[in-house]
Amino acid sequence: MLGKLARQHDPNVLVGFDHADDAGVYQIAPDAALVQTVDFFTPIVDDPYTFGQIAAANSLSDIYAMGARPLTALALVCFPEKGDLQILERILAGGLSKMMEAGCTIIGGHSIRDDETKFGYSVTGTVNPSRVMKNGGARAGDRLLLTKALGTGVISTAIKKGVAKQPWIEAAVASMTTLNKKASEIVTGEYIPSTGRVGTGVHARPAERSSAPKDAIHALTDITGFGLIGHLHEMLLASENVSAELHASRIPLLDGAIECVRAGYVPGGLKANRDFAECVVDYKKTISDDMKSLLFDPQTSGGLLIAIAKNRAAELVDALNAADVSALEIGDVLPDTKPLISVIT
């Protein structure tokens, strides 16, 4: 539908909707640009406070995927006219807790009456225009890193049906409520691993920022509604003359993800993702149908997908893991071939 609309031409738009990137970027000064995104959805867990946390973490994720720092947020609320306002209060409180963790200030919002509860945020961040991380730019020879396990879509479906086991719920909630803040800061070299100062008293000095291999990171995106294959597809199309190879055995899965697929707890978004993008994927015969499905599983507050020069990948994995961010090498960027994406064992 957006393709049918008249195009606006503004030289200050560094990243617009035509790039299929994670957020829009608008330059406001030689050394400053605004990063803007919006996301909201219906409850995917039973606890209102946890739902608020997940919605906030998910809304913030696109800011982090651009290598930016969130500044302000506007809440978006749809709530039944006769709904229990204590539930809404808990949703808002959960969202606030994650915004505070992110250092992002809620400055307002908008609410409407709706038969179905929906919640999320419009988030504005800031970034130096020269340091914007985009989903395009991957180069042949790069390694692909992933910072969170897959499976939140199928597990959320099992939760809605009341059949999810408690360990599955706990694993999915832990993933969805974890901000991509630390991972993004490590990628951009902004992470300070201590409380901010080294030493005590008059001898205290500012802590050193992490020395991430920024020049070696060529593309960055987060894995959300289009699943791993969908967002990798976007990364490859936004880059030039490249394809990718994924190693199925290296891709991390949440506890219970395989069981949910086998039991048929598959969200409609997974089916839509597979219908849209599977035409560009080739599988080795040994890849199970369950694994194929999870490659398209729509993620909520999923991890970062990073394309980084091969000789610097291990360094970044070590830096992420040292900061308690799970990170694994899951594949490689190749010269342009067909199919666009190959999945091997």
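This is a predicted model: local features need pLDDT of at least 70, side-chain atom pairs count only at pLDDT 80 or more; totals for chains, interfaces and linings use all residues.
Residues are numbered from 1 along each chain as its sequence is written, and side-chain values use heavy atoms, leaving out hydrogens and water.

Let's start with the sheet. Six strands make an open sheet with mixed pairing, and the order is β1-β2-β3-β6-β4-β5. Strands here are DSSP runs of E with at least two residues, helices are runs of H or I with at least four, and both are numbered from the N terminus. Two strands pair if DSSP finds at least two bridges between them. At the edges stand β1 (13-15) and β5 (105-113), each with a single partner strand, so one side of each has no neighbour in the sheet. On average, neighbouring strands are turned by 25 degrees against each other, direction ignored.

Now, please look at β6, residues 118-127. How many of the ten residues of this strand are buried? Eight are, so β6 is largely enclosed by the rest of the structure. By buried I mean under 20% relative accessible area, with exposed over 50% and partly exposed in between, using a 1.4 Å probe and protein chains only. On one pairing, β3 (residues 32-41) runs antiparallel to β6 with nine bridges, and Leu34 stands opposite Thr126 of β6. β4 (residues 69-79) also pairs with β6 in the antiparallel sense, over nine bridges. There, Ala73 has Val123 as its bridge partner, and Leu76 has Gly120.

On to the helices. α1 lies across β3, β4 and β6, at about 30 degrees to β6, while α2 lies across β4, β5 and β6, at about 20 degrees to β6. Axes are lines fitted to C-alpha atoms, for helices over the stretch in contact, and angles run from 0 to 180 degrees between N-to-C directions. Contact means heavy atoms within 4.5 Å.

Ala55 is buried, at 1% relative accessible area. Leaving aside residues up to four places away in sequence, Ala55 touches Phe41, Phe119, Gly120 and Tyr121. Ala55 and Lys118 are 63 residues apart in sequence, yet their C-alpha atoms are 9.4 Å apart in space.

How do the helices meet each other? The axes of α1 (residues 48-65) and α2 (residues 85-102) come within 7 Å and cross at roughly 40 degrees. The contact includes Ala56, Leu60 and Tyr64 of α1, and Ile87, Ile91 and Met99 of α2. By class, this contact has eleven nonpolar, five polar and two charged residues. Nonpolar covers Ala, Val, Leu, Ile, Met, Phe, Trp, Tyr, Cys and Pro, charged covers Asp, Glu, Lys and Arg, and the others, Gly among them, are polar.

Last, the cysteines. A search of the whole structure finds zero disulfides, a disulfide being a pair of cysteine sulfur atoms within 2.5 Å. Cys78 counts as buried at 11% relative accessibility, and Cys260 is buried at 0%.
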